[in-house]
Amino acid sequence: MRKLLSFYDFLNESEKSQKKKVLFISFTDKTRGVSYHDYLKSKLDADFCLWTDLVFDDDEISFNGNQLKDYGFIFIGVVSKHPDYFVSVEQYAKTHGIPTFKYGCSPERNNKMFQNRILSTNNLNPVPTIIAKCSEVETDHLIKEFGLPVVAKITNGSQGKGVTLHKTKTSINDYLKKNQNQTTIFQKFIENEGDYRLFYLGGKLLYVIERKSADKKKEFRNNYSLGGTVKRVDLPKEATDLAKKAATSMKFDVSGVDLIKSPEGNWFVLEINSAPQFGTKNGKEIVVDYRMVLDQFIDLIKRKMIQ
C-alpha cells in the first residue's frame, strides 16, 4: 500500500525530489543546429550520457562515478541500437523505484508485425496488411486482398525509404522475384490528399501535423524528408479518438500516430512511432517549436519526481 503523506511531508518530499538530478540516456542533442541539451539544462539539473557511457558492476549501474539510484528521474532516449542496455536499466529502475520515461519502446514491441497484430486484434482499423517473405506470397493473392496498386515496404525503413508503389501485376511479379528472401510489408494503397501525424505524450494530444506530397503525380509518399509539405491542423474527434486508442494499445510513453483518410471518409492507422521527431519546420517556417514539446517533457518529469 502506498504511504499517505501529510501536506508538510508532501512539500518536504517534493523539495528533496526536486534537488535530485535527472539523467537523460541517449537523448538527441542537436537537431537543425538547435541544442535540446542546453535548453533542458536551463530548466532542470540534468546529466546526459550515451548507453555506452554506463558502467555495469555486478548489480550496480553508474555513470561518471554516480550510481543511477541516486538520480531522481531517468529519461530513456533512443532504445533501438542498445536493447541489451535498455533491459538492464529498465529492471534496475524498477528495483530502486526510480521514475522513468521512455522515448522509444522496449525491444519486443519495436517491430511492425507485433504492431499490426495489436491494432488488428483491438479493431483499430489498420491499413489492410500482409507481412511475409516475398517467396511465400503470390501476386494474385495480393491483388485479390488489396486490389491495385499495392504498396511494398521494407520492415526497417523510415522517412519513406524502402517504400514502393506497384500499379500492375507485372510490377508486383518483378518485385517478388527480385526480393525472394526479403520479408516485406504489403499494404492496400489508400488514395489520399495527405496523411496526418498526431503527437501524444502520456496520453495527451499535443498537436497534429498534416503532411502532403509536393506533387502527387511524381511522388505518392507524403514524407517531408522527400520534399513534402507540413502544417499544423485540427482533426475531428473521430480521428483523434482512433489515434489515442491506437497509441494506448501499444503502451508507449510517447507516440507519433500516423493516420490516413480514404476518399470514402474512413480513417486508417498507418503506423505508430514510439520515438517521433517533434521539432518541425516547413522551409524556414517553424510549424512546431521544439521548446513547446520539451516544456511538456519537463512538466511531466517534475510531476513524476514528486509522486
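Axes here are lines fitted to C-alpha atoms, for helices over the stretch in contact, and angles run from 0 to 180 degrees between N-to-C directions. Helices (H or I, at least four residues) and strands (E, at least two) are DSSP runs, numbered from the N terminus. Helix 5 passes helix 6 in a right-handed crossing, a term used if the near helix is turned clockwise from the far one by less than a right angle, with left-handed used if anticlockwise.

Before going further, please keep in mind that this is a predicted model, in which local features need pLDDT of at least 70 and side-chain atom pairs count only at pLDDT 80 or more, while totals for chains, interfaces and linings use all residues. Residues are numbered from 1 along each chain as its sequence is written, and side-chain values use heavy atoms, with hydrogens and water left out.

Which residues of helix 5 and helix 6 meet? Thr139, Asp140, Leu142 and Ile143 come from helix 5, and they meet Lys169, Ile172, Asn173 and Leu176 in helix 6. The residues of this contact divide into 4 nonpolar, 2 polar and 2 charged. In that count, Ala, Val, Leu, Ile, Met, Phe, Trp, Tyr, Cys and Pro are nonpolar, Asp, Glu, Lys and Arg are charged, and the others, Gly among them, are polar.

Now turn to the sheet beside these helices. Its 4 strands form an open sheet in the order 10-13-11-12, with antiparallel pairing; two strands pair if DSSP finds at least two bridges between them. Strand 10 (129-133) and strand 12 (163-166) stand at the edges, each with a single partner strand, so one side of each is left without a neighbour in the sheet. On average, and ignoring direction, neighbouring strands of this sheet are turned by 25° against each other. Strand 10 pairs with strand 13 (residues 183-188) in the antiparallel sense over 5 bridges, and Ala132 stands opposite Thr184 in strand 13. In the loop between helix 5 and strand 11 you will find Pro149, which a cis peptide bond joins to Leu148, with omega about 0°.

Another sheet is built from 4 strands in the order 4-1-8-9; this one is open too, and its pairing is parallel. Strand 4 (46-49) and strand 9 (100-102) are the edge strands, each pairing on one side only. Strand 1 (residues 22-25) and strand 8 (residues 73-76) pair over 4 bridges, and the bridge partner of Phe24 in strand 8 is Phe75. Helix 3 (residues 83-95) lies across strand 1, strand 8 and strand 9, at about 150° to strand 9. Helix 8 (residues 290-305) lies across strand 1, strand 8 and strand 9, running at about 145° to strand 8.

Is it covered on its faces or exposed? Both faces are covered: Glu60 and Ser62 on one side and Ile61 and Phe63 on the other are all buried. Buried means under 20% relative accessible area, exposed over 50%, and partly exposed in between (1.4 Å probe, protein chains only). Strand 5 (residues 55-57) runs antiparallel to strand 6 and is joined to it by 3 bridges, with Phe56 opposite Ile61. In the loop between these strands lies Asp58, which has a positive phi near 55° and, at 78% relative accessibility, counts as exposed. Strand 6 also forms a hairpin with strand 7, with 2 residues between them, and Asn64 in the turn has a positive phi of about 55°. Leu54, at 6% relative accessibility, counts as buried; its contacts include Ile61, Ser62 and Phe63.

Technical notes:
Contact means heavy atoms within 4.5 Å. Lists of a residue's contacts leave out its neighbours within four places in sequence.
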